[in-house]
Amino acid sequence: MKILISPAKSLDYKSALPTAKHTVPAFLDEAVQLNASLKTKSPAELQKLMHISEKLADLNWDRNQQFETPFTTTNARPALFAFNGDVYSGLEAYSLSENTLDIAQQNLRILSGLYGILKPLDLIQPYRLEMGTSFGLNGQNSLYAFWKDQLTTHLKNELSSSELVVNLASKEYASAIDFDELNTPVIHPVFKDFKNGKLKIISFFAKKARGLMTRYLIETNAQTTEDVLAFTAEGYAFSETETTDTSQPVFVR
């Protein structure tokens with residue numbers, strides 16, 4: 001099974017790491033190219049490009065200038081322990097056992113605007129570059145144009161015959177993969193909560209639920225669709241009645 005999740009805007013480069021293991025991103029050369037272009041942009045240009053505040057623009061200008069290779073454990077951090085958003089709150093990576101972390105390294109992939117696709121232990125330096133940003137290289141005006149063929153081919157080459165892909169990434173990041181080209185089963189779980197008597201997708205809860213499911217799939221070393229549908233955490237359960245498309249199983253609470 002391959003599990004896809006999104007990165008997070010919030011980063012953590014201070015907490016003590018639970019492992020010394022680390023790897024190098026598959027698309028580090030491409031990240032270097034993208035960063036070289038980002039380095040030429042002023043804080044004001046970054047603010048306009050990324051629709052962020054002046055303070056965040058200054059922060060990320062500084063990050064862009066400090067980006068350097070080679071990546072080491074002193075200037076970079078494993079991706080799984082660098083991202084710190086809602087999905088990662090549900091995943092609680094710091095409490096994963098060593099054996100479970102090995103399973104995560106094999107099965108989990110994090111999509112990224114700068115790094116393309118990451119294994120959990122791939123070293124990354126602090127950055128901000130959302131996949132939906134209108135930015136690219138070599139005459140391309142978007143990161144989708146830059147990444148889509150590369151990431152789809154890379155993921156396809158990682159998959160064994162009929163290996164299941166569970167897409168828990170946001171639409172913004174999942175759009176960087178051509179799922180039809182993978183030629184393998186793909187499911188896109190949906191999470192809904194009751195609010196005012198109606199079932200709705202509530203962003204904060206849905207993001208955390210993606211992290212909860214990611215942890216469940218890693219801890220159980222899940223392999224099949226049936227394994228995915230057996231997910232129950234924090235009140236969520238698969239709803240056959242709410243599911244109208246088997247490729248988009250709905251989990252409700």
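Analyst: Start with helix 3. Its buried residues are A57, N60, R63 and N64. Note that the model is predicted.

User: What do the buried residues of helix 3 pack against?

Analyst: They pack against helix 1 (28–38) and helix 2 (43–50).

User: How do you know that the span of helix 3 agrees with its 13 residues?

Analyst: At 1.5 Å a residue, residues 54–66 should span 18 Å. The end C-alpha atoms of helix 3 are 19 Å apart, which agrees.

User: What makes the pair K21 and E98 a salt bridge?

Analyst: The cut-off is 4 Å between side-chain nitrogen and carboxyl oxygen. K21 and E98 meet at 3.2 Å, N to O, so the pair qualifies. K21 is in the loop between strand 1 and helix 1, and E98 is in helix 6 (residues 98–107), 77 residues apart.

User: Why is K21 called partly exposed?

Analyst: Buried means under 20% relative accessible area and exposed means over 50%. K21 has 33% relative accessibility, so it counts as partly exposed. E98 is partly exposed too, with a relative accessible area of 39%.

User: Why is the contact between E234 and K208 called a salt bridge?

Analyst: The closest N and O atoms are 3.8 Å apart. That is within 4 Å, so the pair counts as a salt bridge. E234 lies in the loop between helix 10 (225–229) and strand 10 (237–238), and K208 in helix 9, so the pair ties together parts 26 residues apart in sequence. E234 is partly exposed, with a relative accessible area of 45%. K208, at 24% relative accessibility, also counts as partly exposed.

User: What links E130 and K9?

Analyst: A salt bridge between their side chains, at 3.9 Å, N to O. E130 is in the loop between strand 5 (123–124) and helix 7 (143–158), and K9 in the loop between strand 1 (2–5) and helix 1, 121 residues apart. K9, R128 and E130 are linked in a network of salt bridges.

User: Which residues have the most contacts inside the largest nonpolar core?

Analyst: F83 and L217, in a core of 80 residues. Helix 9 (residues 203–219) gives the largest share of this core, seven residues. Beyond its neighbours within four places in sequence, F83 is in contact with residues including P7, L11, I110 and Y127.

Terms used: Residues numbered from 1 in each chain as written. Predicted model: local features only at pLDDT ≥ 70, side-chain atom pairs only at ≥ 80, totals over all residues. Heavy atoms only, no water. Helix = DSSP H or I, 4+ residues; strand = E, 2+ residues; numbered from the N terminus. Expected span 1.5 Å × (residues − 1). Buried < 20%, exposed > 50% of the residue type's maximum accessible area, 1.4 Å probe, protein only. Contact = heavy atoms within 4.5 Å. Core = buried A, V, L, I, M, F, W, Y, C linked by side-chain atoms within 4.5 Å.
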